[in-house]
Amino acid sequence: MNLTRRSLIGAALALPVAARAETFAGAYAPKAEPVAEGVWMVRGADAPILFDNGGMIANSAIIATDAGAVLFDPGVSLEHGKALGALARAVTGKAVGRVYVSHLHPDHALGAAAFDPAIVHALPATRADLERDGEGFSDAMYRLLSDWMKGTHVVLPLGDVAEGEALFGGRRFRLFAMQGHSAGDLVLLDEATGTLLAGDLVFHDRAPSTPHADLAKWRAALDRLTAVQHGLLLPGHGTLDRDGGAIAQTRDWLDWLEATLTQAVADGLDMTEAGELPIPARFAGLKAARYELQRSVSHLYPGLEARLLPRL
Amino acid sequence: MIRKKILLALIATLAAPVPAAFALPADPLKSPMWEYHAERLFGDATVRFDSAVKVEIPEIAENQRVFPITVDARALPDVKRILIFADLNPIPVAVDYAPRAAAPFLATRIKLDQRTPVRAAVLTADGVWHVSGNWIDAAGGGCSAPPVSRVKGDWADHLGEMHGAAWVLSGTQTRLRVTLRHPMDTGLVENIAAYNIERVTVTSSAGTPLADLQVFGAVAEDPAFTFIIDDAKGPLSIAARDSSGLEFDGVVTPRSTALAAR
């Protein structure tokens, strides 16, 4: 048999339409939970970024204002951003008028593709981070999430955020320029309700992730957050914090992580062994703990070895 | 006509089953490259998939340039060689280790160029290869993106810097850890020739060879190795040689306590 390209195309066309049709049918269905007057929390899955969850793992927040909804963290992809935009319109009655990107990581930032870059605001450090890493993140997300990412391209925030008071649509916010989880971590306090949007400086019942972490700066940021008078706290990942435990839990994990990996190097363990160390019972309620421990070993171990192993 | 017969005979010979290939056990990982690598690495030797070879890897490849792997074959007697290889890497074999007076145990870090099986093959004195491993998903480019120190431009400032320590374990064994600054260029990056550590040896103060490791370009930049030496008796000398013939060395005195966690 002599197969030509034309006969192959002919055979493909002869297939029933259903057999050739796009099989991807994923659709984002984010849900908004009212947590305070004019404030909604949108929960992400407390899991790694997986095809099964479409990368919808970060929390977002929606705040109603007279000039349109404020969306804090627009999700991972164009479609995710669009779904959050539609959700914001549904719960507030107004389209999104302002998007804040808390930091560079793709599960929080790439959904900005769904919005006019002029209404997307972030810290200057975050824009610089996205200029450097955005395309790489996009490639990585396309690899993991494939069709969920359709149409997503890197949108750099055009609005610069500075620390201090911000007024939008008659609603007053206090913005904080922090760092530690990344080089630029935006925190927003809604003055009317005292709700604190902490981004990924705070995780709650979900293990913190450290790909761009500076642990000393992160601890200093947690000190600052503790000092900010607030009511509810929306963490970047995990459940709503009603009793103020999330900041302490995040600090406890970071302290344990650094001490444990430092001791592992001092005891002569290699990376796989450090990644298999027991996780204390008090962290049993933290989702994705083993996964994040092994990621953190990858992020932190070579640096600890360079510092602790004597020069020969 | 005669020529045609010869040709036919030749084709018949080529088409005849190769016994070694048929003796290979079916690959539990169903790798497309299993037979290719097995024939090349193991020849006619007996090959057995064996859970006595423990291959410890993390559940995700967070960094495809630095993927940690620990091979522990201490459940097997008389181990002569340990290979670590990744079927779908452009440089499949990362190390070929002969633990002369050392436990059949090795930890290091390799590069991954894509989703691939990562395996250890352990040769015992009876001539049998014991193989174990698993698939790991990885983003592309571990072998084909320039090393971090090339991008930073400081690789030559630190070339061959060695760090390490040794810990006396219970009994007579000593755990030795060594790290070495080296770009470990694969030759697969545009305009950067292959340049890698190719040999690491550990010897006793009396000059007895204890561990002998051949290293290939699939080992991660700034390589790190963990050995378990059987009967250290005093300081251990580590010597490394790279593919340009440069030699690096260091001496470690085993300690009975943890390092100070500064």
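User: Where in chain A is the place of Pro74(A), and what makes Pro74(A) count as buried?

Analyst: Pro74(A) lies in the loop between strand 4 (69-72) and helix 3 (78-92) of chain A, where helices (H or I, at least four residues) and strands (E, at least two) are DSSP runs numbered from the N terminus. This is a predicted model, in which local features need pLDDT of at least 70 and side-chain atom pairs count only at pLDDT 80 or more, while totals for chains, interfaces and linings use all residues. Residues are numbered from 1 along each chain as its sequence is written, and chains are lettered from A and ligands numbered from 1 in the order in which they are written. A residue is buried if 20 or more other C-beta atoms lie within 10 Å of its own, exposed if 12 or fewer, and partly exposed in between, with C-beta atoms placed from the backbone; Pro74(A) has 30 such neighbours and therefore counts as buried.

User: Which residues does Pro74(A) touch, not counting those up to four places away in sequence?

Analyst: Among them are Leu84(A), Val99(A), Val101(A) and Phe115(A), a contact being two C-beta atoms, placed from the backbone, within 7 Å.

User: Why are helix 6 of chain A and helix 7 of chain A called roughly antiparallel?

Analyst: Helix 6 (residues 215-227) of chain A and helix 7 of chain A pack at about 160°, with their axes 10 Å apart; axes are lines fitted to C-alpha atoms, for helices over the stretch in contact, and angles run from 0 to 180 degrees between N-to-C directions. Angles under 35 degrees count as roughly parallel, over 145 as roughly antiparallel, 65 to 115 as roughly perpendicular and the rest as oblique, so this pair is roughly antiparallel. The contact includes Trp218(A) and Leu222(A) of helix 6 of chain A and Ile247(A) and Leu254(A) of helix 7 of chain A.

User: What makes strand 1 and strand 15 of chain B edge strands?

Analyst: Nine strands of chain B form an open sheet in the order 1-8-7-4-5-12-11-14-15, with mixed pairing, and two strands pair if DSSP finds at least two bridges between them. Strand 1 (47-49) and strand 15 (247-252) of chain B each have a single partner strand, so one side of each is left without a neighbour in the sheet.

User: How do you know that strand 14 of chain B and strand 15 of chain B pair?

Analyst: Strand 14 (residues 236-242) of chain B and strand 15 of chain B share six bridges in the antiparallel sense, and Arg241(B) stands opposite Glu247(B) in strand 15 of chain B.
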